[in-house]
There are 4 protein chains.
Amino acid sequence: IERWANTAIIGFTHLQPAEPTTLGYRLAQYGFDLLTDLTELRRVRDGIRGKGFKGAVGTSASYGELLSASIAAPDAAEPQQQWSAAQLEQAVMSAIGLEPFPVATQTYPRKQDWLVVNALAGLAGSLHKFAFDLRLLQAPSLGELAEPFGAKQVGSSAMPFKRNPINAENIDSLARFVATLPRVTWDNAANSLLERTLDDSANRREVLPAAFLAADEILRRANRLIRDLRVDEEAMARNLEKYGTFAATERVLMSAVKQGANRQEMHEVIREHSLAAWAEIAQGHANPLPVRLFNDDRVTRYLTLAQITYLLDASHYVGDAPERAIKMARQIRAQLGEPL
Amino acid sequence: IERWANTAIIGFTHLQPAEPTTLGYRLAQYGFDLLTDLTELRRVRDGIRGKGFKGAVGTSASYGELLSASIAAPDAAEPQQQWSAAQLEQAVMSAIGLEPFPVATQTYPRKQDWLVVNALAGLAGSLHKFAFDLRLLQAPSLGELAEPFGAKQVGSSAMPFKRNPINAENIDSLARFVATLPRVTWDNAANSLLERTLDDSANRREVLPAAFLAADEILRRANRLIRDLRVDEEAMARNLEKYGTFAATERVLMSAVKQGANRQEMHEVIREHSLAAWAEIAQGHANPLPVRLFNDDRVTRYLTLAQITYLLDASHYVGDAPERAIKMARQIRAQLGEPL
Amino acid sequence: IERWANTAIIGFTHLQPAEPTTLGYRLAQYGFDLLTDLTELRRVRDGIRGKGFKGAVGTSASYGELLSASIAAPDAAEPQQQWSAAQLEQAVMSAIGLEPFPVATQTYPRKQDWLVVNALAGLAGSLHKFAFDLRLLQAPSLGELAEPFGAKQVGSSAMPFKRNPINAENIDSLARFVATLPRVTWDNAANSLLERTLDDSANRREVLPAAFLAADEILRRANRLIRDLRVDEEAMARNLEKYGTFAATERVLMSAVKQGANRQEMHEVIREHSLAAWAEIAQGHANPLPVRLFNDDRVTRYLTLAQITYLLDASHYVGDAPERAIKMARQIRAQLGEPL
Amino acid sequence: IERWANTAIIGFTHLQPAEPTTLGYRLAQYGFDLLTDLTELRRVRDGIRGKGFKGAVGTSASYGELLSASIAAPDAAEPQQQWSAAQLEQAVMSAIGLEPFPVATQTYPRKQDWLVVNALAGLAGSLHKFAFDLRLLQAPSLGELAEPFGAKQVGSSAMPFKRNPINAENIDSLARFVATLPRVTWDNAANSLLERTLDDSANRREVLPAAFLAADEILRRANRLIRDLRVDEEAMARNLEKYGTFAATERVLMSAVKQGANRQEMHEVIREHSLAAWAEIAQGHANPLPVRLFNDDRVTRYLTLAQITYLLDASHYVGDAPERAIKMARQIRAQLGEPL
């Protein structure tokens, strides 16, 4: 994030070029989502409890009897016990290092499974978005980012631009699977009738390991992708110049108006040049927009060439994206500094 | 919970009578699940943020320009601003009383919707279980609990036992619907590509209100059910006597063995009487198990009639269920004491 | 179905006793659902096609070239081919015995996976209902049906009524899992972009085998349950007498009115006896309703004792359930007679 | 489909340019998916049945009584009826024009709802894919297809390339919602216990209309998109030239080898030129690959300039895509010719 905080790129909304942003700021969005996931995962992990030792319906009744020295009987004031069932539970669970649930039936509340699988699904969702964005940006028509590929992986020899984003596709595929699993755990929690029914058991053996294994594989691949992500700065600059210049005409308009231009007229002037310029770009020519504005005295009456050039440079039009990106990077570092 | 903490009932596992527990302890399980939901809902609510004011791709670029007094230009050292875009955002958002996201694109991260709808689905799941249990216990074959019904609602005149648990069925129906909605919000979060795509908008208008409205209706009905729940203590005692006595033979066994009986032999004796007793009950007779044991000197050799009577009374065989129930009730009160 | 077509049982709506039906008719409902599944499964199976041989984007372009004897060139009238690509495909696919899709991209349309997994989920749903009903009826408070259990499986020795329906619970558990899998295949079909993206591959390896394996296990267990299902006719008769007599008062009312009784008055008479009778039953006594009616001359004025007895016998009040059940059984046999 | 059956375009796999195909063939894929949906929808529609008239638990018992002229009594040989309940049902249902289910409980089997909503979800899935492809192709970096937009909708004046695919996004959004609804109907079918429970009612009122309304809106928008779809043939040709030429080098290789070239050496020659050519394209230059091959006598030794030109023209490299597209179009017309 920090390394690319100032690298201006063209932002996309609706998969259409919109206004400039910076690569670092885009990465910061992924970072923020993952930070949310991390917080959820830590919270869920720290809240995990064991059922404890409470017997067949959670009352500890038989433990109480077993721990009692003498026969429970109506005449016995109170059966003397060295240990209560609750004390036994506390002792064993603290040896295991797991907090027991304060109440339970034959099993612990299955809501816990749901919270765990949900947290994994959240993580899968964040990486699904990251991987999908990567797949779009790796298309040669944009070509800004690419999955790492080994020296041997020469790609298709005849089609040098072809680099299939197979890791990102794999992440999206598994994420989609993980996203369906919380529903099973919800069903288990919502349908465990009275002191428990056994209709959770068979699917838990499938769903719980599957959720962890798939999340693990997603993380493993995402980690590799992020570590060795190929960033093509030339392609970024090219796309920014191609699309961002148009976005930057908004600045030319605002500045010219501040210098006294009529907003309505100036808007029309810029629109006319934009349409013509795009027609040329669409045919594969270089972006003629700056030159067109330089040569129109309806524009130069208000702005110098240097001003126009500066204003059209979309890489300056990124607002506070760099600062926000860097701030987010620091926040993430702070969170990761904590012992996980 | 507190009122029924000591009311012994027969607990069910696999929908089969198991060991005794108490009504208050069973209610405490619902209470604990709902407490978890409350914690989740509060946490999610407190974490809700607004997008803030960050413009079309989240960079605040145009706000920065608009706030600038003079033309942004290469020769200007730094455009003088009275306010930065971030300061403006902070001012407006604090007037609204909503924290802004530190980073955003054209929209706030859709993961927030997912967290919100998940919390609602969690609530729906807890009440699904409660309502399903109620439906089972309201069946006249058990008849322990029943939905409230008004004076006018006489039920079927010819079938006086027939009381359809329509509120509980309604809760289960809606809960099942709410349980599918998180998936839509996951999709929205995981597929909002680059600086946003608009493929979230149409379904959000359906899903977000539907989740809140359904959860609200579930709560409204559950509230009514719980407030005026009809508890049939006679039926509870009847069921406990019918099934619990058998569970309590475990205590007779343990006590007789403590008094010197041979475990193997005593086990066989009890088994024989249990089988015979159940056969009679199944034909509609009263439970003959206590009398059978009283009359068998293989048993009375070790235990007095008073001891057998005490041990067979399943209502004493509830372990620390009452204490745990009361403790949970106090914990819930403590949580609700906080301003919601 | 046929064996039990005439065995009257009490039917339940809202988990409350309603009117009588027959065991065979209830089984016929399961049969009808399963017949629907069978039809779907057969239809989907018969419609399965292979991609065929169509190359990297489905155009067969390279096959065309390879099959061409000479250089494709502008001056060649038409490259002479012994075989067209389509002929090659037809030859190979008919050797495999699989119809090829008429059009395809790099893969066959993923909608096919969705149809297959849906058909499996439908089967799982029908058996989920069957298994859940069995779990309810196996509860000792009803005790009408039970899972088979081996000679060794003595159940809990002290609790002779306790027979956990573990196979039925297992079926419900797996069914719930299978029910979530169609969504993954929908995603694969709906998101396979342009001539294919690889975001289906990883989860298909998980989902397709899981769906078949779980459906297979569900079938295996259901098969065993159905083959050796334990039917307790005594319990059925007991429950029918207990609840069905009340339902049958509707017939007494209708018949008395036909004999000239005032509908309003007779309704009140019956209601009064019903309430009193249920109060006794609830305390464990035998059903006193018939005797109460015999002794009330407001009733006997219109109907003889024999008529009342006949009318109150709920086992005659099953309408055309037996015929419909037998007809359904024949329909199922007819379908299964076809080569599967 | 037919109009564009011969219009060569570059096909994409993994969102990466692959081999050429034709626009008509791509459309034929959508057509085939929709044809499958149509078949499913028609089949489900034709199979829809009503519950019929079968009373509270499906036995028609009370209808039978009501239709009987005299008192049902033990001495009556057979109660004389003018009509049987089944005859009444048949008469009424045929007046309604709906086949009754052969067996039913208090309701018709809820599996029918599941089949209906599934068919709608299938339709939504096919249009999801179509709409997503459109969103990708409408990105100005490809620019091959675009949503229609009215005369007034000038798009962003300053960014003439910006045309947000809002209808396609809307379709994808709603489709994602429809895709979750089958699960609710599955639950209703799988959990309608014994002769029916009412836990389906509340959510059916939400889910069934929502599924139809959303599917209808999806169809309405898709219909508009398809009718007035903007096809940019220039952009298609440009992209084909840019990427397809590389794919076509495979043909140059095959032909040169047929003329005696060494496969290994020729492969290396082509690879070298491809890499160099792509580097130039990436910098915005025209595709220099043909010229590079013309000037290399390692190539021209085997192939004439006319042959190379012909072979490199990817628009000839579409195999039997045109024929298959036209055949599919005919098949669709045939299906639609049937009265819907």
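Asp37(D) and Lys111(C) pair up through their side chains in a salt bridge, 2.6 Å from N to O (that is, a side-chain nitrogen of Lys or Arg within 4 Å of a carboxyl oxygen of Asp or Glu). Asp37(D) sits in helix 1 (residues 23-47) of chain D and Lys111(C) in helix 4 of chain C, so this pair joins two chains (helices, H or I with at least four residues, and strands, E with at least two, are DSSP runs numbered from the N terminus).

This is a predicted model, where local features need pLDDT of at least 70 and side-chain atom pairs count only at pLDDT 80 or more, while totals for chains, interfaces and linings use all residues. Residues are numbered from 1 along each chain as its sequence is written, chains are lettered from A and ligands numbered from 1 in the order in which they are written, and side-chain values use heavy atoms, with hydrogens and water left out.

**Salt bridges**

- Over all chains, the whole structure has 89 salt bridges.
- Asp37(D) and Lys111(C) are both buried (under 20% relative accessible area, with exposed over 50% and partly exposed in between; 1.4 Å probe, protein chains only).
- Arg324(B) reaches across to Glu89(A) at 2.9 Å, N to O, linking helix 13 (residues 321-337) of chain B to helix 3 of chain A.
- Arg324(B) also bridges to Asp320(B) at 3.2 Å, N to O.
- Arg324(B) and Glu89(A) are buried, and Asp320(B) is buried too.
- Glu40(A), Arg43(A), Glu40(B) and Arg43(B) form a salt-bridge network.

**Where chain C meets chain A**

- Here 28 residues of chain C contact 28 residues of chain A (heavy atoms within 4.5 Å).
- About 2,100 Å² is buried between the two chains, 61% of it from carbon and sulfur atoms (buried area being the accessible area, 1.4 Å probe, that two parts lose on being put together, summed over both).
- In chain C, Arg176(C), Phe177(C) and Asp199(C) lose the most area to chain A, together 29% of what that side buries.
- There are four salt bridges between chain C and chain A, and Arg176(C) forms one with Asp199(A), the closest N and O atoms being 2.6 Å apart.
- Helix 5 of chain C gives the most to the side touching chain A, with eight residues.

**Glu19(C)**

- Glu19(C) belongs to strand 2 (residues 16-22) of chain C and is buried, at 13% relative accessible area.
- Beyond its neighbours within four places in sequence, Glu19(C) has contacts including Tyr317(C), Ala56(D) and Val57(D).
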